[in-house]
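Here's a quick tour of helix packing, pair by pair, with a look at the aromatic rings at the end. Have the viewer open as you read.

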Amino acid sequence: GYKLVRAALEEGLRVTALPGASAVMAALVLSGLPTDRFLFAGFLPPRSAPRRAVLAELAGVPATLVFLESPRRLAASLRDMEALFGPRPAAVARELTKLFEEVQRAPLGELAQRYEADGPPRGEVVVVVGPPEKSAAASQADLDDMLRQALGHASLKEAAVAVSAATGLPRRAIYARALALKAEDDG
């Protein structure tokens, strides 16, 4: 199904879903992201630190992630997702099956910027985040760049989890490299 939705979206066609019992399923289908494997994670904690802890646990899950979110916390949650997941493709769906249905699709950072600038949207919000990409051969320089970027806005542990999820490399090895980089940069 997601391949059909993606093809229709690429052609500029409007896609909608018939009303159902679950906004989660409608958002997943309309997102244009892979539907073969997904995890519904419910509502995230309202404060950033606990929210980041939950997101760190989910960073390496090899599936599309689906969250419900308060419109007031949407921009902050998207920023936290970007910090831990990197620039994954995502969709914010609101008012599904209603007159003002809207689905915004972009990388997490772009969505965060949009909702920071526009303010909280109205209505029920579902956030869908694409699965981590497995890059087979990240060079050491690329890995260091990714770690430095992640360390710029995340804790050591969160940065290691995010980079591990993005590269598919073992988290323990990534954490050790992040420690070494932090020591180099501090020293």
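This is a predicted model: local features need pLDDT of at least 70, side-chain atom pairs count only at pLDDT 80 or more; totals for chains, interfaces and linings use all residues.

| Pair | Axis distance | Crossing angle |
|---|---|---|
| α4 (residues 74–85) and α5 (residues 108–118) | within 8 Å | roughly 160° |
| α6 (residues 140–151) and α7 | within 9 Å | roughly 140° |
| α7 (residues 156–167) and α8 (residues 171–186) | 9 Å | about 130° |

**α4 and α5.** The axes of these two helices cross at roughly 160°, so α4 counts as roughly antiparallel to α5. Their crossing is left-handed. On the α4 side, the contact is made by L74, A75, L78, R79, M81, E82 and F85, and α5 brings L108, G109, L111, A112, Q113, Y115 and E116 to it. Sort those residues by class and you get 9 nonpolar, 2 polar and 3 charged.

**α6 and α7.** With α6 and α7, the axes come within 9 Å and the angle is roughly 140°. That angle makes α6 oblique to α7, and the crossing is right-handed. From α6, the residues L143, M146, L147, A150 and L151 meet L156, A159, V163, A166 and T167 of α7. This contact has 9 nonpolar residues, 1 polar one and no charged ones.

**α7 and α8.** Next along, α7 packs against α8 at about 130°, axes 9 Å apart, which means α7 is oblique to α8. The crossing here is right-handed. In α7, the residues involved are L156, K157, A160, V161, V163, S164 and T167; in α8 they meet R171, I174, Y175, A178, L179 and K182. By class, the α7 and α8 contact divides into 8 nonpolar, 2 polar and 3 charged residues.

**Rings.** How many aromatic pairs does the count come to? The count is 0. There is a charge over a ring, though: the charged end of R88 sits over the ring of F85, 4.4 Å from the ring's centre. F85 is also one of the α4 residues that make the contact with α5.

Definitions and conventions:
Residues are numbered from 1 along each chain as its sequence is written. Side-chain values use heavy atoms; hydrogens and water are left out. Axes are lines fitted to C-alpha atoms, for helices over the stretch in contact, and angles run from 0 to 180 degrees between N-to-C directions. Helices (H or I, at least four residues) and strands (E, at least two) are DSSP runs, numbered from the N terminus. Angles under 35 degrees count as roughly parallel, over 145 as roughly antiparallel, 65 to 115 as roughly perpendicular and the rest as oblique. A crossing is left-handed if the near helix is turned anticlockwise from the far one by less than a right angle, and right-handed if clockwise. Contact means heavy atoms within 4.5 Å. Ala, Val, Leu, Ile, Met, Phe, Trp, Tyr, Cys and Pro count as nonpolar, Asp, Glu, Lys and Arg as charged, and the others, Gly among them, as polar. Rings of Phe, Tyr and Trp (its six-membered ring) pair if their centres lie within 6.5 Å; planes under 30 degrees apart count as stacked, over 60 as edge-to-face and the rest as tilted. A charge sits over a ring if NZ of Lys or CZ of Arg is within 6 Å of the ring centre and within 35 degrees of the ring normal.
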